[in-house]
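Please read the points with the model open.

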Amino acid sequence: MSSGYSSAPSLSHASSDTDLNRADSYDDGAEETSDEQRMCGLSELVTSCLTSSKTSRQKSIDDNDDVEFEIVVDESLFYIGYWGRHLKSAQYRALQPHQKVNHFPGAFHIGRKDRLWMHIRNQQNRFEGEFDIMPFTYILPNDRPELMKYLEADSSRHVIIKPPASARGTGITVTRKPKDFPTNSQLVAQHYIERPLTINRAKFDLRLYAYIPTFEPLRVYIYDQGLVRFASVPYNPSVSSISNKYMHLTNYSINKLAEADGVANKPVPKWTLHHLWEYFDETGVDREVIQEQIEDVIVKAFISCEKPIREHMTKFLEQEFICYELFGIDIILDEDLKPWLLEINISPSLHSGTPLDVSVKAPLAKDVLNLAGIYVPPSFDKLHTADYSTRPRNRNKTREQLVKEASWVAAYKDQSGVIDNRIFKRLTPEDTRALVEFEDELERAGDFKLVFPTPQTTHYQRYFIEPQYMNILLQQWQIAQEGDRSIGISRLEQLCRQKHMQSDQDASI
């Protein structure tokens with residue numbers, strides 16, 4: 001169905017790692033990218049086209065022979081995409097419609113631990129009891145008095161202290177000591193989960209991967225595979241053990257040092273997510289219920305943050321279809337098997353230090369780039385003259401589109417969230433562009449599972465701070481296509497043949 005440039009051919013996993021260039025970091029979000037970060041499974045074509053957006057010099061260490069080498073990125077190089085650390089917001093303004101970048105401006109609203117909690121807390125105030133998805137968090141130094149009251153009420157209480165915009169275990173500690181809560185620096189203090197689920201007596205957490213192709217309409221994919229990361233020392237709930245980071249923290253960046261520190265006699269273990277599901281099956285735990293609850297936590301987290309991210313995108317992006325993002329989601333289970341969101345990382349590390357890492361992250365990288373649908377131009381000289389009228393627009397809409405969107409959002413509010421198939425009676429060119437992009441995207445999903453929207457997610461629409469027409473349209477489209485997508489796809493294909501998507505390109509406001 002897609003028009004314009006041809007999408008990149010599907011990528012297949014290659015056995016060798018490929019180093020990707022990076023730009024300067026953007027300090028408003030928690031990133032895990034390190035100088036040793038690698039991605040596997042990139043075809044030679046895409047590797048040569050995905051480069052950094054500015055000149056930089058960096059030293060990296062080759063894992064095989066410990067030889068230092070220097071990566072030099074020339075900003076004059078031709079590229080159709082960028083994979084690297086978060087850009088400064090203003091840099092997004094310079095991006096062209098033929099380029100793809102692996103971040104959204106404003107993603108710090110979900111990547112920073114303080115911003116994430118602030119948005120989830122707002123939802124807790126709006127929907128009492130429905131957004132208890134994250135341990136209660138204090139934003140320091142402002143919330144220091146409330147934190148001290150919480151700790152003073154029970155001598156067994158502790159919190160986990162974290163910098164708001166760091167990752168890989170940097171600056172994290174478990175404490176209740178007032179001296180650890182400074183009055184002049186930014187930190188977050190998160191309630192410690194006192195009854196964590198353990199396996200072989202060890203505490204663990206889950207690293208899941210979520211892919212967001214767009215925030216309007218919001219679509220959330222979760223990767224089928226992931227990592228289970230264990231603490232190095234058997235768990236002990238006693239207060240006297242609380243300072244043992246190898247017991248109470250599950251960050252792999254911390255626990256991989258346990259053997260060298262003499263507190264463990266073997267390397268810290270890791271499991272794949274599939275291994276955990278098999279373990280649950282063998283021990284009689286209903287993993288499907290846990291999976292559904294985890295999906296609920298992740299969808300609610302993104303809905304909590306989507307409005308400020310959308311607003312940031314509107315301010316700094318000319319073409320919103322050029323962005324996509326892979327997020328690292330950290331989840332912990334308590335003894336009641338309730339999943340708790342710990343944090344969400346932008347630029348989750350794709351460095352593969354073990355064969356197990358490679359088995360998870362190499363196919364993940366392949367599926368991310370396939371799902372992104374990177375457009376490969378037919379030639380250099382057509383880069384800036386290509387027709388992008390088949391791509392969705394979030395601005396410069398026609399009067400017809402604006403009237404339809406306003407009327408259906410009003411109807412949605414008046415009817416308490418009830419929408420029917422009359423919204424499809426006439427598909428506007430913009431409707432068609434959005435639905436064609438979505439159906440094409442589903443074909444490239446690989447091992448990613450679409451968890452929002454689905455025919456069963458109508459109840460999430462009420463959680464959005466502002467109802468969005470495209471969210472309503474896509475939700476109803478999913479309901480209408482349940483069981484047989486061929487009828488809807490045939491209609492879209494007919495509209496494509498009629499060049500319906502291009503019919504309004506001269507009528508936008």
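1. Basis. This is a predicted model, in which local features need pLDDT of at least 70 and side-chain atom pairs count only at pLDDT 80 or more, while totals for chains, interfaces and linings use all residues. Residues are numbered from 1 along each chain as its sequence is written, and side-chain values use heavy atoms, with hydrogens and water left out.

2. The sheet. Four strands form an open sheet in the order β8-β11-β9-β10, with antiparallel pairing. The edges are β8 (137–140) and β10 (173–175); each has a single partner strand, so one side of each lacks a neighbour in the sheet. On average, neighbouring strands are turned by 25° against each other, direction ignored. Strands are DSSP runs of E with at least two residues, and helices are runs of H or I with at least four, both numbered from the N terminus. Two strands pair if DSSP finds at least two bridges between them.

3. Strand β9 (residues 159–162) runs antiparallel to β10 and is joined to it by 3 bridges. Isoleucine 161 stands opposite threonine 173 in β10.

4. Helices on the sheet. Helix α3 (residues 113–126) packs on the sheet and touches β8, β9 and β11 (187–191), with its direction at about 130° to that of β8. Helix α4 (residues 144–152) also packs on the sheet, touching β8, β9 and β11, and its direction makes about 135° with that of β8. Contact here means heavy atoms within 4.5 Å. Axes are lines fitted to C-alpha atoms, for helices over the stretch in contact, and angles run from 0 to 180 degrees between N-to-C directions.

5. Helix α12. Residues 469–481 make up this helix of 13 residues, which reaches 18 Å from its first C-alpha to its last, close to the 18 Å expected at 1.5 Å a residue. The expected span is 1.5 Å times one less than the number of residues. Because 11 of the 13 residues are buried, α12 is largely enclosed by the rest of the structure. Among the buried residues are Tyr469, Leu473 and Trp477; their cover includes α10 (399–414), α11 (429–443), β20 (448–452) and α13 (486–497). Buried means under 20% relative accessible area, exposed over 50%, and partly exposed in between (1.4 Å probe, protein chains only). Glycine 483, which follows α12, has a positive phi near 90°.

6. Salt bridges. The count is 27, a salt bridge being a side-chain nitrogen of Lys or Arg within 4 Å of a carboxyl oxygen of Asp or Glu. Lysine 162 pairs with glutamate 343, with the closest N and O atoms 3.3 Å apart. This pair links distant parts of the chain, as lysine 162 is in strand β9 and glutamate 343 in strand β18 (residues 339–346), 181 residues apart. Both lysine 162 and glutamate 343 are buried.

7. Lysine 307 forms a salt bridge with glutamate 311, the closest N and O atoms being 2.5 Å apart. Lysine 307 is buried at 16% relative accessible area, whereas glutamate 311 is partly exposed at 44%. Shared partners join Glu306, Lys307, Arg310, Glu311 and Glu466 into one salt-bridge network.

8. Cysteines. The count of disulfides is 0, where a disulfide is a pair of cysteine sulfur atoms within 2.5 Å. Cysteine 323 is buried, at 0% relative accessibility, and cysteine 496 is buried at 17%.
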